[in-house]
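The sequence and structure come first, and the description follows.

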Amino acid sequence: MNTAKRQLIGGILLFFSAAVAIVFANSNFADSYHAFASIDALKGASIFLFFLTVGIELRHEIVAGSLSKPRQAVVPIFAAMGGMAVPVVIYSAINFGQISAAGWGVPMSSDMAFALAVLAIAGRWLPKEIRTFVLTVAVVDDSLTILMIAIFFASSFHLLSLASLAGVLVGLLVPYFAKMQKRLESVVAFIALPLFALMSAGVSIAHLSESITWPLVIGVLVAMIIGKPLGVIGATWLATKSGLGTLPKAIVFKDLVAALLVFGMCFTLALVMTELSFGNNQEEHALANVSVLIGSIVMAIVSATALTVRKVRRNA
């Protein structure tokens, strides 16, 4: 199976698993579902495998990929940093002084699986250089998320934070696993990430109180839909216009802008962050998960539409 097909099927499975989780969490099987979803070892194993592949890809990018060339490495690194900083600032400003301010990390990291799935559907026409740039930014984005987890959440010894750290470190520091990259990527796309979504996305409507914490909802949605793309695109533009870094000559910036909208989807790692931030507060946790799901669906539609429109105009 080629990479594009794997990414497409993996993204569809991820959405399907989240939908199944919500159905079961609000059905007569809710108790059984929540008992299954509380098996932290399964969640931890899924996230470990995901970050193992992130670590492997990061090692490849550093040794022989885009991050091996300093001038080109600057741009995806800045893009990832901007794409994390802007949504954090937006969410924190909207939730300042609220209990929900603890969720500042929820809209911070993009979903690599969803991003690549949208590109596989609507961005097949994009040149290889743009696809490589998007993948590099996604890898740096996920790696920086690990750094944030290490700084702010590792002290709590939550299994998800420890599994995340362990996965990326093993993938980065143990060359042996590079030989298994293709097989591991298939396991992650078809089993690990769908399993994690199935166990994490099950929002019980009963946990959504009538007094909705609107700053949390608005903060997540604005940070994902506006903040994340603005941060990635803005930082890319600044890094190139300032002369700090360069983009490959084959990249047309208007094409790149359409592709970078995929970073507005923050699903898998956002679910990790909702658990780390609100795990003990069922109402806030459920509300954050719903907001992430809505934001991801909106940005999947927006990014796919933008790529399709850009393709039409490019060929006109």
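The model is predicted, with local features needing pLDDT of at least 70 and side-chain atom pairs counting only at pLDDT 80 or more, while totals for chains, interfaces and linings use all residues. Residues are numbered from 1 along each chain as its sequence is written, and side-chain values use heavy atoms, with hydrogens and water left out.

F177 sits in the loop between α7 (159-173) and α8 (181-200). Helices are DSSP runs (H or I, at least four residues), numbered from the N terminus. Leaving out residues up to four places away in sequence, F177 touches L52, I56, V170 and L184, where contact means heavy atoms within 4.5 Å.

L8 belongs to helix α1 and, at 18% relative accessibility, counts as buried. Beyond its neighbours within four places in sequence, L8 is in contact with A117, A120, I121 and R124. V217 lies in helix α9 and is buried, with a relative accessible area of 11%. V217 touches I212, L287 and S291, again not counting residues up to four places away in sequence.

The table gives C-alpha separations for each of these residues.

| Pair | Apart along the chain | C-alpha to C-alpha |
|---|---|---|
| F177 and T53 | 124 residues | 8.7 Å |
| V217 and V290 | 73 residues | 8.5 Å |
| L8 and S242 | 234 residues | 36 Å |

## Helix pairs

Helix α1 (residues 3-25) and helix α5 (residues 112-122) pack at an angle of about 120°, with their axes 8 Å apart. Axes are lines fitted to C-alpha atoms, for helices over the stretch in contact, and angles run from 0 to 180 degrees between N-to-C directions. α1 and α5 are therefore oblique to each other; angles under 35 degrees count as roughly parallel, over 145 as roughly antiparallel, 65 to 115 as roughly perpendicular and the rest as oblique. On the α1 side, A4, Q7, L8, G11, L14 and F15 meet A113, F114, L116, A117, A120 and I121 in α5. This contact has 10 nonpolar, 2 polar and no charged residues. Here Ala, Val, Leu, Ile, Met, Phe, Trp, Tyr, Cys and Pro count as nonpolar, Asp, Glu, Lys and Arg as charged, and the others, Gly among them, as polar.

Helix α4 (residues 70-94) packs against α6 at an angle of about 55°, with axes 8 Å apart. α4 and α6 are therefore also oblique to each other. The contact is made by V75, P76, I77, A79, A80, M81 and M84 of α4 and F133, T136, V137, V140, D141, L144, T145 and M148 of α6. Its residues divide into 12 nonpolar, 2 polar and 1 charged.

## The nonpolar core

The largest nonpolar core has 87 residues, and F133, F267 and L307 have the most contacts inside it. Such a core is a set of buried Ala, Val, Leu, Ile, Met, Phe, Trp, Tyr and Cys residues joined through side-chain atoms within 4.5 Å. Helix α6 (residues 128-152) supplies the largest share of this core, 9 residues. Apart from residues up to four places away in sequence, F133 touches V75, P76, A79, T236, L247, I251, L256 and L260.

In helix α10 (residues 253-260), the buried residues are D255, L256, A258, A259 and L260. They pack against α5, α6, α9 (214-241) and α12 (282-315).

Terms used
Buried < 20%, exposed > 50% of the residue type's maximum accessible area, 1.4 Å probe, protein only. Helix = DSSP H or I, 4+ residues; strand = E, 2+ residues; numbered from the N terminus.
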